Amino acid sequence: MATDTESDAAARSTASDATGDDGPDSDPERVTFGWDGLRAGFLACLPVAVGVGGYGVAFGVLANQAGLSLAEAALMSMTVFAGASQIIAVELWADPIPIAAIVATTFAVNVRYSLMGAALQPWFRHLSPSQIYSSLVLMADENWALSMQELASGSRRGAFLLGSGVALWLCWVGSTILGVLAGESVGDPAQYGVDFILAAVFVALAVELWDGRSTLAPWLVALATSVLAANALPGQWYIPLGGFAAAVVEVVRHDG
Amino acid sequence: MADVLSLEPLVVGVILAMTVVTVIAKVGGIWLVRHVEVSDRLQAGLDVLPGAIVIAVLGPELAAGGPAEWGAAALVLVVMWRTESIVLALVTGVVAVVSLRTLL
């Protein structure tokens, strides 16, 4: 994985400022995939990953209470690696295991990642399939947000998502194990503000992605749709619906 | 508690099924846009996705919060806008939300 030795600096010098446009679509050829981005993503995500560890501990505690063994909880964190869906799954856990409900809910909670992944296409379109798909398997809300922030600010380090995903994955699996072992002696992670980190990352990201007045209409559509859908529908359907509604409005508006 | 190293076949099966649908969710979207011809019009729609999804995550989350979360979010916005430092913005947000929750 990531043995590509082409450095970001070399690629930057071969294809420098073709346009003055700062939009997410500007000169995507410059996106590279190397150690530089991998390391930058890993280091940038470490503080966030430690915070996410608070949720990993919470998941471990819940998994333990649901009757999963240490090995089973750790396996789920290693392979599923999608926090909200894992926490919901162990909350649904019962004897006998409601398999269909758990698997369907997991998909519903995680289907937002389809749109989040598709949103990276403007930057990723010239990376190889193995680079794209290995990065996306380690995609979570936090490192997607950090990577969007990185790429939207003009960086072309395509391995940033993978590097930040590795940092998150290590903390997620490690903290799951801690949580199972700690059992019920752990308090509420909300008292340390850990639960606010994700919202803070997204506010910062919104500031970064603001692109002037043209952004206003799709964002208002996304806001209204998601708030209405969150009240009307179960799970996290409001996220794909909000994004989808904004994209549809933009498609209709285009050239119009 | 179950033996720490026990891996029940049924439990492992459910975990693997969860893994499969999660991987499909994670890679499915970009797979589609890479394999389907994308017109300029569709591209315009895809370009607004990043911001729209950020807003869709944030909207209901903040709507479900209270004055402490709103105040902290406003501080993150101002710090990010002024300094463009994500670390500074995050630290401000977490400190602010903890302080506001105790004060309010």
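**Figure 1. The largest cavity of this predicted model is lined by residues of chain A.** The residues around the largest cavity are Val48(A), Gly51(A), Val52(A), Tyr55(A), Glu142(A), Val194(A), Asp195(A), Ile197(A) and Leu198(A). Two elements, helix 2 and helix 11 of chain A, each give two or more residues to this lining, and helix 2 of chain A gives the most, with 4 residues. Sorted by class, the lining of the largest cavity has 6 nonpolar residues, 1 polar residue and 2 charged residues. The volume of the largest cavity is about 50 Å³, and a search of the whole structure finds 4 cavities of 30 Å³ or more.

**Figure 2. The second largest cavity is lined by residues of chain A and chain B.** Helix 1 of chain B, which covers residues 9-35, gives the most to the lining of the second largest cavity, with 3 residues. The second largest cavity has a volume of about 40 Å³, and its lining is made up of 4 nonpolar, 2 polar and 1 charged residues. Phe81(A) is placed in the loop between helix 3 (70-79) and helix 4 of chain A.

**Figure 3. Helix 3 of chain A packs with helix 1 of chain B.** The axes of these two helices come within 9 Å and cross at roughly 15°. Helix 3 of chain A and helix 1 of chain B are therefore roughly parallel to each other, since an angle under 35 degrees counts as roughly parallel. Where helix 3 of chain A passes helix 1 of chain B, the crossing is right-handed. In this contact, Glu72(A), Leu75(A), Met76(A) and Thr79(A) of helix 3 of chain A meet Val11(B), Val12(B), Ile15(B), Met18(B) and Thr19(B) of helix 1 of chain B. By class, the residues of this contact are 6 nonpolar, 2 polar and 1 charged.

**Figure 4. The largest pocket is lined by elements of chain A and by helix 2 of chain B.** The largest pocket has a volume of about 720 Å³. Among the 29 residues that line the largest pocket, the closest to its centre are Tyr55(A), Ala84(A), Leu198(A), Gln236(A) and Glu61(B). Two or more residues of the lining come from each of several elements, namely helix 2 (35-66), helix 4 (83-92), helix 6 (112-118), helix 9 (141-152), helix 10 (160-182), helix 11 (197-209) and helix 13 (238-253) of chain A, together with helix 2 (40-64) of chain B. The largest share of the lining, 5 residues, is given by helix 2 of chain B. When the residues of this lining are divided by class, 19 are nonpolar, 3 are polar and 7 are charged. Tyr55(A) and Leu198(A), which are listed here by the centre of the largest pocket, also belong to the lining of the largest cavity.

**Figure 5. Helix 2 of chain A packs with helix 10 of chain A.** The axes of the two helices lie 6 Å apart, and the angle between the helices is about 25°. Helix 2 of chain A and helix 10 of chain A are therefore roughly parallel to each other, and helix 2 of chain A passes helix 10 of chain A in a right-handed crossing. The contact of these two helices divides into 23 nonpolar residues, 11 polar residues and no charged residues.

**Figure 6. Helix 3 and helix 4 of chain B pack against each other.** Helix 3 of chain B (residues 67-83) and helix 4 of chain B (residues 86-103) pack at an angle of about 160°, and their axes are 8 Å apart. That angle makes helix 3 of chain B roughly antiparallel to helix 4 of chain B, because an angle over 145 degrees counts as roughly antiparallel. The crossing of helix 3 of chain B and helix 4 of chain B is right-handed. Their contact has 12 nonpolar, 4 polar and 2 charged residues.

**Figure 7. A cis peptide bond joins Asp95(A) and Pro96(A).** The omega of this bond is about 0°. Pro96(A) is found in the loop between helix 4 and helix 5 (99-110) of chain A.

Conventions
Residues are numbered from 1 along each chain as its sequence is written. Chains are lettered from A and ligands numbered from 1 in the order in which they are written. This is a predicted model: local features need pLDDT of at least 70, side-chain atom pairs count only at pLDDT 80 or more; totals for chains, interfaces and linings use all residues. Side-chain values use heavy atoms; hydrogens and water are left out. Axes are lines fitted to C-alpha atoms, for helices over the stretch in contact, and angles run from 0 to 180 degrees between N-to-C directions. Angles under 35 degrees count as roughly parallel, over 145 as roughly antiparallel, 65 to 115 as roughly perpendicular and the rest as oblique. A crossing is left-handed if the near helix is turned anticlockwise from the far one by less than a right angle, and right-handed if clockwise. Ala, Val, Leu, Ile, Met, Phe, Trp, Tyr, Cys and Pro count as nonpolar, Asp, Glu, Lys and Arg as charged, and the others, Gly among them, as polar. On a 1 Å grid over the protein atoms alone, a cavity is a set of points where a 1.4 Å probe fits but cannot get out, and a pocket is an open set with protein on both sides within 12 Å along at least five of seven lines; lining residues have an atom within 4 Å of a point. Grid points are joined across faces, edges and corners, and a volume is the space filled by probe spheres set on the points. Contact means heavy atoms within 4.5 Å.
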